[in-house]
Amino acid sequence: MDILKVENLTKVYGKDTTEVVALDNASFSVGKGEFVAIVGASGSGKSTLLHLLGGVDRPTSGKVFVDGK
Ligand SMILES: Nc1ncnc2c1ncn2[C@@H]1O[C@H](COP(=O)(O)OP(=O)(O)OP(=O)(O)O)[C@@H](O)[C@H]1O
Ligand SMILES: [Mg+2]
């Protein structure tokens, strides 16, 4: 049972000359009870991903399912 499922998640900030692709088509699942760490260099999109998972920001495209919803 996946408690969290992420499908083709993309986040683009700005547009034209200021465009930044912070997340590029990320997909993964986390099972119930599973322990996961998000690791990456500064600017690789960790906070952006957490904002989308927590619903405090909206993806440019893609979907986040929490407990199937
Ligand atoms: N509100 C925003 N507007 C424009 N660009 C942004 C915004 N937030 C983040 N970015 C850009 O998106 C990319 C990912 O940033 P993010 O903050 O998600 O990285 P991070 O992995 O959390 O970095 P850190 O380890 O420094 O916290 C970076 O290029 C950043 O400059
Ligand atoms: Mg961060």
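Lys46 reaches ligand 1 through a side-chain N or O atom, 2.7 Å from an oxygen atom of the ligand. In this predicted model, local features need pLDDT of at least 70 and side-chain atom pairs count only at pLDDT 80 or more, while totals for chains, interfaces and linings use all residues; side-chain values use heavy atoms, with hydrogens and water left out. Residues are numbered from 1 along each chain as written, and chains are lettered from A and ligands numbered from 1 in the order written.

| Residue | Protein side of the pair | Distance to an oxygen atom of ligand 1 |
|---|---|---|
| Ser42 | side-chain N or O atom | 2.6 Å |
| Lys46 | side-chain N or O atom | 2.7 Å |
| Ser47 | polar backbone atom | 2.9 Å |

Taken alone, ligand 1 exposes 640 Å², and the protein buries 54% of that (Shrake-Rupley areas, 1.4 Å probe). Among the residues around ligand 1 are Tyr13, Val20, Gly43 and Thr48 (a heavy atom within 4 Å). Helix H1 (46-53) and strand E2 (20-31) each supply at least two shell residues, with H1 giving the largest share, 3 residues (DSSP runs: helices of at least four residues, strands of at least two).

Now for the sheet. Three strands make an open, antiparallel sheet ordered E2-E1-E3 (pairing takes at least two DSSP bridges). E2 and strand E3 (61-66) are at the edges with a single partner strand each, so one side of each lacks a neighbour in the sheet. Strand E1 (residues 2-13) pairs with E2 over 8 bridges, and Leu4 stands opposite Val30 in E2.

Terms used:
A polar contact is a pair of N or O atoms within 3.5 Å; within protein, one must be able to donate a hydrogen and the other to accept it, and residues adjacent in sequence count only if both atoms are side-chain atoms.
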